Amino acid sequence: MEQMGQMEQFAPIQESEGRYMEINNTGNVFEQIVNYYRKYISLGLLEENDRMPSCRELAIKIGVNHKTVDKAYQELVKEGLIYNVPKKGFFVRGKVVQKENKMAKEVILNLKNQGVEKGELLSIIEKVYGGESDD
């Protein structure tokens, strides 16, 4: 498998093989599974109502205990990224971006209420995104 970068830990989603990943032995497996699905859901590569692999199916494919996958899926449920339909499986929840936008808006409103000026906040955003501020 060709490395996409120093930080890339997982293979891209392969539709023909299902939605699986390669586990990096240097990190926490639970966190790797959660981060993998967070990433692909937030990028829109997994869409609303897409079926997730079963816990056992994914566990066998990536070579981990099914309880680890179940724990990761439960975390994704808790975060509102996926939902469970009993006896059917886990599915991607829709409108994830709207939820993230709402959270971002709440953070910005909180900063505004604490006295952070618009220009200061824009400067911070520019720094975070690696751009140059025009101020």
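1. In this predicted model, the axes of helix 2 (residues 55-62) and helix 3 (residues 66-78) come within 8 Å of each other and cross at roughly 120°. This makes helix 2 oblique to helix 3, where angles under 35 degrees count as roughly parallel, over 145 as roughly antiparallel, 65 to 115 as roughly perpendicular and the rest as oblique. Axes are lines fitted to C-alpha atoms, for helices over the stretch in contact, with angles from 0 to 180 degrees between N-to-C directions, and helices are DSSP runs of H or I with at least four residues, numbered from the N terminus.

2. The contact (heavy atoms within 4.5 Å) is made by C55, R56, L58 and A59 of helix 2 and by H66, V69, D70 and Y73 of helix 3. By class, this contact of helix 2 with helix 3 has five nonpolar, one polar and two charged residues.

3. Five aromatic pairs are counted, with rings of Phe, Tyr and Trp (its six-membered ring) pairing if their centres lie within 6.5 Å, and planes under 30 degrees apart taken as stacked, over 60 as edge-to-face and the rest as tilted. Y37 and Y73 form an edge-to-face pair, 6.2 Å centre to centre with 85° between the planes. Because Y37 lies in helix 1 (residues 29-42) and Y73 in helix 3, the pair ties together parts that are 36 residues apart in sequence.

4. Ring pairs link Y36, Y37, Y40, Y73 and F90 into a cluster. Y37 counts as buried at 0% relative accessibility, as does Y73 at 0%; buried means under 20% relative accessible area, exposed over 50% and partly exposed in between (1.4 Å probe, protein chains only).

5. Residues are numbered from 1 along each chain as its sequence is written, and side-chain values use heavy atoms, leaving out hydrogens and water. Local features need pLDDT of at least 70 and side-chain atom pairs count only at pLDDT 80 or more, whereas totals for chains, interfaces and linings use all residues.

Methods:
Helices (H or I, at least four residues) and strands (E, at least two) are DSSP runs, numbered from the N terminus. Ala, Val, Leu, Ile, Met, Phe, Trp, Tyr, Cys and Pro count as nonpolar, Asp, Glu, Lys and Arg as charged, and the others, Gly among them, as polar.
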